[in-house]
Amino acid sequence: MADVARFAIHSLENPMSESYSRRAFLKKSALTLGMAAMCHLSGAGRAFAVPQTGNSPERTMLIAYFSHTGNTALVAEQIHSLTHGDMHRIRTVEVYPAEHDPCSELAGRQLRAGYRPELASRVDNMASYSIVFLGYPIWWHTMPMACWTFLEFYDFTGKTIVPFCTHGGDGFANSPADIRALCPQTTVLEGYHTRNVHAGRMSRDVSDWLRRIGVAA
């Protein structure tokens with residue numbers, strides 16, 4: 001298995017990674033200068049009005065998700081069936097090991113190194129979406145580093161992010177705070193989380209959550 005140093009070298013040699021690095025640098029510089037920008041995490045029961053953009057609500061919603069074992073994909077499909085938003089699976093060039101322990105070890109090394117894995121999939125029309133559902137499993141008390149790459153690669157200024165995750169018992173852990181830190185000019189709504197064993201089986205919970213935050217079709 002390649003180590004973090006090899007990953008970093010690969011990133012520097014890859015043109016897409018160079019483009020990402022420039023974008024990430026500019027974004028981080030903007031965040032430093034824009035300390036007055038605010039981001040809000042809505043509480044339970046707070047309704048959100050879908051922005052009026054001239055298009056149907058369905059066209060403004062993107063369901064982006066990273067799924068390793070398929071649990072998060074099941075929740076993403078439930079959200080899709082209720083909102084009719086567009087689907088986008090976040091994939092990495094370097095595929096994570098299928099076995100739990102090697103995958104966990106690699107994820108831990110990436111987190112500690114602050115490594116941003118190169119993405120193999122892109123959203124060509126991100127500017128057209130006002131609401132982005134972001135789904136992921138909880139790895140090492142936060143979202144996988146692929147989601148960090150995703151959030152830094154695109155401009156989410158003025159958009160609404162709705163997190164959802166699957167986990168083994170940690171709930172959201174640190175991921176909402178990390179999303180807010182990465183996207184301070186973005187509104188973050190109340191999210192949805194479920195244990196891995198319940199993924200795809202709690203359709204009523206998902207439906208109730210979507211109605212509560214005001215984005216169900």
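Is Arg-116 buried or exposed? I looked it up: Arg-116 is buried, at a relative accessible area of 16%. My cut-offs are under 20% relative accessible area for buried, over 50% for exposed and partly exposed in between, using a 1.4 Å probe and protein chains only.

Before going on, I noted that this is a predicted model, where local features need pLDDT of at least 70, side-chain atom pairs count only at pLDDT 80 or more, and totals for chains, interfaces and linings use all residues. Residues are numbered from 1 along each chain as its sequence is written, and side-chain values use heavy atoms, with hydrogens and water left out.

**Salt bridges**

I found 3 salt bridges in the structure. To count, a side-chain nitrogen of Lys or Arg has to be within 4 Å of a carboxyl oxygen of Asp or Glu.

I started with Arg-116, which pairs with Glu-152; their closest N and O atoms are 3.0 Å apart. Glu-152 sits in helix H5 and Arg-116 in the loop between helix H4 (100-113) and strand S3 (131-137), so this pair ties together parts that are 36 residues apart in sequence. Helices (H or I, at least four residues) and strands (E, at least two) are DSSP runs, numbered from the N terminus. Glu-152 is buried as well, at 3% relative accessibility.

Next I checked Glu-190 and Arg-212, whose closest N and O atoms are 2.7 Å apart. Glu-190 is in the loop between strands S5 (187-188) and S6 (192-195), while Arg-212 is in helix H7 (residues 203-213), 22 residues apart. Glu-190 is buried at 12% relative accessibility, but Arg-212 is partly exposed at 32%.

The pair Arg-211 and Asp-208 has its closest N and O atoms 2.4 Å apart. Both are in helix H7, 3 residues apart, so about one helical turn separates them. Arg-211 is exposed at 51% relative accessibility, and Asp-208 is partly exposed at 31%.

**Back to H5**

How do the axes of H5 and H6 cross? I got roughly 25° for helix H5 (residues 145-153) and helix H6 (residues 175-182), with the axes coming within 10 Å. Axes are lines fitted to C-alpha atoms, for helices over the stretch in contact, and angles run from 0 to 180 degrees between N-to-C directions. H5 and H6 are therefore roughly parallel to each other, a label for angles under 35 degrees.

Glu-152 turned up here again: with Trp-148 and Leu-151 in H5, it meets Asp-178, Ile-179 and Leu-182 in H6. Contact means heavy atoms within 4.5 Å.

Key
Angles under 35 degrees count as roughly parallel, over 145 as roughly antiparallel, 65 to 115 as roughly perpendicular and the rest as oblique.
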